[in-house]
Amino acid sequence: MSAAVGRLGKVILGGYFGLMVVFLYVPLVVLVIFAFNNAYIPALPYSGFTTKWFHAAFSNTDLTGALKRSAWLALLNGAAASLLGVAAALAMTGRRLFLRSVWTTLLLLPLVVPYIVLAIGMVIVIHQLGYQASLTAVLAGHIVISLPYSILVIVPRLRTLDESIVEAARDLGADNVRAFLLVTLPLIVPALISSALICFTISFDEFAIASFLAPPGSPTYPVFLYSGTRTPALEPQVIALGAIVVVFSIVLVVAGDVSRRVLERRLAT
Amino acid sequence: MTDRPIAEAPPRRLRLRPRGGRAFLIAPPVLVVLAVMVAPIVLIALYSVDVKTNLPFTPTKFTWSMWKDFLPPSGKFPNPFWHRFEISMVITVVVSLIAVAAAYPLAYFLAFVSRRSRYTLLLLILAPFFTSYLLRVIAWKIMLSNHGVINTALWDIHLRSHGDGLPWLIYSKFSVGLVLFYSWVPFVAVPIFVLLDRLDPNLLEAAQDLGAGRVTTFLRVTLPLSLPGVIAGFVFVLIPTTGEFITPLLVGGPGSQMFGNSIQSFFQDTPNWNYGAVLALWLVGVVFVMLLVFGRFLATDLREANS
């Protein structure tokens with residue numbers, strides 16, 4: 001498009017884009033490089049190649065315990081938030097809903113309420129009820145902050161569906177539940193997978209709420225990471241694990257995006 | 001969705017869903033949000049006026065006194081937490097402005113230069129954004145710390161004498177700002193890109209047919225039309241950064257802690273939940289005002305994304 005950019009402009013913009021990509025990836029690449037560094041402190045000059053920090057990390061039961069805890073929490077969160085998200089999205093895209101804009105605003109509100117406020121609010125609620133901080137409370141917090149993302153992924157997909165297919169199912173004798181299970185559900189599977197993945201990631205990475213509500217003896221993985229950065233002996237293990245998570249999540253994001261495009265293209269035909 | 005032939009009218013009555021159906025679907029998610037998010041905020045409000053307290057054997061009585069203490073016209077001494085709020089807002093606004101300025105050319109490149117590969121390149125800059133937030137901050141700590149990668153690299157190539165780290169590199173407003181900028185800049189590019197990508201190319205050609213140069217076309221056509229995306233991007237950084245506390249915790253020093261850290265300290269280091277509740281509710285209020293001012297730009301963005 002020559003009307004927007006000239007030849008020189010293209011070169012300058014391209015160079016700038018390249019520099020920003022470098023800026024965005026340098027810290028992550030450095031993290032991965034120093035995961036293999038044969039020293040306690042990540043500093044130059046490089047002290048030689050080793051994989052011992054990975055072995056150390058995975059034989060550290062505190063660390064693997066935290067990792068497992070977070071994985072379970074994230075799985076439960078992905079399932080629960082997506083389930084609630086589908087329910088909300090179905091109601092919101094339906095033809096009639098009493099006070100629709102009120103519910104929409106309320107359900108999207110967790111996008112803007114600072115997590116620190118949510119966290120301390122939950123601490124107060126738990127105190128008032130006479131309970132102790134628990135992983136259940138962390139899960140509840142994670143479900144609430146994930147819910148808007150689930151809704152925002154599922155609603156657009158529901159909007160693209162041709163409602164006459166669902167009506168055809170009803171004309172052929174299916175009730176609401178069967179029409180949903182046999183017609184709507186299979187068509188929104190790509191969005192559901194995206195939603196579950198996004199909600200999994202939100203919970204797996206979440207620090208603010210977990211740092212206030214996870215019981216001292218059972219930290220989630222981000223809480224453990226944070227405490228690890230304050231303990232020099234643990235730092236290399238934190239870096240090693242961090243490197244794995246960074247690489248894994250980038251692969252997951254790319255794979256998720258590619259598979260969603262492929263699936264939706266296949267469903268569209 | 002709504003247009004149906006009149007001939008279909010009689011069976012339509014049969015297809016209507018039972019009235020309870022929608023309520024049955026919307027109730028569970030709404031109840032979860034009410035219980036886990038709205039109820040805590042209500043309790044925070046009660047704590048902030050001393051109607052409730054966590055302190056044992058302390059009488060509770062409604063009072064504005066903590067609010068009066070916190071808010072600016074507080075007499076001779078400026079309240080330290082109000083001061084912290086001001087510093088925090090300056091960091092937030094400066095970071096948001098720089099992020100928008102840096103993201104605009106990224107979006108412009110994606111929309112107008114990289115025609116066919118633009119979604120792939122968008123994913124390339126967004127991928128780091130989807131990795132763990134905490135890990136990205138930790139990665140920067142490794143880069144910036146006193147014996148970290150940047151300082152030791154400078155010593156290695158004898159640009160600075162050994163052991164003499166750059167004083168502003170970490171535990172400063174610079175490090176907090178840099179890491180916040182790093183975290184949000186890819187995300188800011190998205191709403192700007194969406195608007196630029198949808199811009200009608202004929203408008204640009206019309207402007208140039210009428211004698212405008214590229215710069216004039218940009219300033220008088222492209223930029224004004226992409227302004228909603230710019231504002232949406234600005235708010236995308238502004239709102240989450242207003243309540244930020246993780247980045248200052250890891251790479252900030254005593255002078256560069258943010259308002260979120262003050263709230264945190266009242267619940268962890270020096271417990272005073274009631275005063276902490278004042279700060280927390282103030283933060284919620286500030287975010288809601290931002291939402292009232294900028295909300296319509298976000299709303300158009302959401303509506304367009306949905307359609």
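Predicted model: local features only at pLDDT ≥ 70, side-chain atom pairs only at ≥ 80, totals over all residues.
Of the 165 residues in the largest nonpolar core, which touch the most other members?

Residues are numbered from 1 along each chain as its sequence is written, and chains are lettered from A and ligands numbered from 1 in the order in which they are written.

**View 1. Chain A and its helices.** Chain A has 12 helices and 0 strands, where helices (H or I, at least four residues) and strands (E, at least two) are DSSP runs numbered from the N terminus. With a radius of gyration of 23 Å, well over the 18 Å that the globule rule gives for 269 residues, chain A is more spread out than a compact globule; the radius is taken over C-alpha atoms, and the rule is 2.2 Å times the number of residues to the power 0.38. Along the principal axes, the C-alpha atoms of chain A fill a box of roughly 70 × 70 × 30 Å. Of the 269 residues in chain A, 44% are buried, a residue being buried if 20 or more other C-beta atoms lie within 10 Å of its own, exposed if 12 or fewer, and partly exposed in between, with C-beta atoms placed from the backbone.

**View 2. The loop at A:Phe36.** A:Phe36 lies in the loop between H1 and helix H2 (52–59) of chain A, and with 17 C-beta neighbours inside 10 Å it counts as partly exposed. Leaving aside neighbours within four places in sequence, A:Phe36 is in contact with A:Phe49, A:Thr50 and A:Thr51, a contact meaning that the C-beta atoms of two residues, placed from the backbone, lie within 7 Å. The C-alpha atoms of A:Phe36 and A:Phe54, which are 18 residues apart along the chain, are separated by 8.4 Å.

**View 3. Where chain A touches chain B.** The contact takes 83 residues from chain A and 78 residues from chain B. On the side of chain A that touches chain B, helix H1 (residues 7–35) of chain A gives the most, with 14 residues. The residues of this side of chain A divide into 63 nonpolar, 12 polar and 8 charged; Ala, Val, Leu, Ile, Met, Phe, Trp, Tyr, Cys and Pro count as nonpolar, Asp, Glu, Lys and Arg as charged, and the others, Gly among them, as polar. For the complex, the predictor gives an ipTM of 0.88 and a pTM of 0.88.

**View 4. The largest nonpolar core.** Within this core of 165 residues, A:Ala119 and B:Ala107 touch the most other members; a nonpolar core is a set of buried Ala, Val, Leu, Ile, Met, Phe, Trp, Tyr and Cys residues joined through C-beta atoms within 7 Å. Helix H8 (residues 173–197) of chain B gives the most to this core, with 16 residues. Not counting residues up to four places away in sequence, B:Ala107 touches B:Ala189, B:Ile192, B:Phe193 and B:Leu196.

**View 5. The two domains of chain B.** Chain B is divided into domain 1 (20–63) and domain 2 (80–306), with bounds that come from an automatic or database domain assignment. Taken over C-alpha atoms, the centres of domain 1 and domain 2 of chain B are separated by 31 Å, and 8 residues of domain 1 of chain B are in contact with 7 residues of domain 2 of chain B. The mean pLDDT of chain B (the predictor's confidence in each residue, from 0 to 100) is 85, and 89% of the residues of chain B reach 70 or more. Over residues 8–20 of chain B, however, the pLDDT is below 50, and beyond near neighbours in sequence this stretch has 3 contacts in the model.

View 6. Most residues other than glycine have a negative phi, and most peptide bonds are trans. B:His158, although not a glycine, has a positive phi of about 60°, and B:Tyr171, also a residue other than glycine, has a positive phi near 55°. B:His158 is in the loop between helix H7 (149–156) and H8 of chain B, and B:Tyr171 is in the loop between H7 and H8 of chain B. B:His158 counts as exposed, with 8 C-beta neighbours inside 10 Å, whereas B:Tyr171 is buried, with 20 other C-beta atoms within 10 Å.
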